[in-house]
Amino acid sequence: MASVTIRDVRKSYGSAEILHGVSVPIEDGEFVILVGPSGCGKSTLLRMVAGLEHITSGEIAIDGRVVNDVPPKERDIAMVFQNYALYPHMTVRQNMGFSLMLQKAPKAEIEERVKKAAGILDLTHLLDRYPRQLSGGQRQRVAMGRAIVRDPQVFLFDEPLSNLDAKLRVAMRAEIKELHQRLETTIVYVTHDQVEAMTMADKIVVMHDGIIEQIGAPLELYDNPANLFVASFIGSPAMNLIDGRIKANGSASFETAGGESLALAKAPAASDGRPVVYGIRPEHLRLDDAGFAAEVVVVEPMGSETHVMARLKGGGEIVAALRERRAFKPGETLRLSPDRDLVHLFDKETRFRL
């Protein structure tokens, strides 16, 4: 096991700068997920940790040793790719032990390590099969097993679940989390799926356009997003964001573009008339005859709750996650009230939370 320290790392391709001074501390044994939309630089950063991409400037250290100029094979890391990268002509046993064979490890040691990894991943009964005889989830476990047999200091995962169907992704999320708890090895994991990040990580690094927007524990990011990007990216359904302004004459309130008034628990000092973005999570809205009006547009029954997409007076749409088992109909007018203690206000210009 080892810590990984990323200090002011930049990456440029000619005049195009992809990463703009990224710094991430990763503790020994921590499960850290880099998450963000396509093109944010997360996979590039992971490949730089692996040694597969050159670092333009900055430092990457593994277990206190700067590895900027250290070849990938000497960094004591193991990487699991999105496409599994299994050799089709080799059995599961041979695929898992191949890296040790290249290192000329004794056959007895290779067999022992492969059996141990196969036991951890429930692959023992599949060791003599070929990749073509395996399901997608089994192939992914073989790719993970190939990494485990190397007993590395750091595991790197590059969107390993993207090729799996929805049900299998849920199962594999649990398997990877359980694997981390069992091995207690440092893991750096890249995904664009914020649900994966929320359910698996000890710490999430939210990236956007080559910078870090926020670093924190999953619920810390969910409950206290630093800015509009994190607020809109973390959470499914996403946080509702409504343009308007603060009214602070007497009791504090928020006025939407359509003239609706929403009560606030508090407002920043000297903020009367200040343009802001009002944020409220879908599950923090409830049906209330005294609430604001919204016209139902689309209804999505989810079983445990119903997601209602509705249009506000004056424009703009919101989503409410409601527990009531009601036959909501498009065109119907609902009245909704937010939990004012769970409202977020963001500065319209800087986009940071107030």
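View 1. The contact (heavy atoms within 4.5 Å) draws on 8 residues from domain 1 and 8 residues from domain 2. This is a predicted model, where local features need pLDDT of at least 70 and side-chain atom pairs count only at pLDDT 80 or more, while totals for chains, interfaces and linings use all residues. Residues are numbered from 1 along each chain as its sequence is written, and side-chain values use heavy atoms, with hydrogens and water left out.

**View 2. What gets buried between the domains.** About 710 Å² is buried between domain 1 and domain 2, with carbon and sulfur atoms giving 62% of that. Buried area here is the accessible area (1.4 Å probe) that the two parts lose on being put together, summed over both. On the domain 1 side, look for Tyr222, Leu228 and Ala231: they supply 67% of the area that domain 1 buries against domain 2, more than any other three residues.

**View 3. Helix 5 from end to end.** Helix 5 covers residues 166-183; helices (H or I, at least four residues) and strands (E, at least two) are DSSP runs, numbered from the N terminus. Its 18 residues reach 26 Å from first C-alpha to last, close to the 26 Å expected at 1.5 Å a residue, that span being 1.5 Å times one less than the number of residues. After the helix comes glutamate 184, with a positive phi near 55°.

View 4. Met172, Arg173, Ile176, Lys177, Leu179 and His180 are the buried residues of helix 5 (buried is under 20% relative accessible area, exposed over 50%, partly exposed in between; 1.4 Å probe, protein chains only). Down the helix axis they fall within an arc of 155°, so they line one face; the arc is that of the directions from the axis to the C-beta atoms. Their packing partners include strand 3 (31-35), helix 3 (107-120) and strand 8 (186-191). Exposed Lys167 and Gln181 sit on the face turned away from the buried side.

**View 5. Leucine 287 and its neighbours.** Leucine 287 belongs to strand 15 (residues 285-301), and at 24% relative accessibility it counts as partly exposed. Leaving out residues up to four places away in sequence, leucine 287 touches Leu322, Glu324, Arg326, Phe328, Leu334, Arg335 and Leu336.
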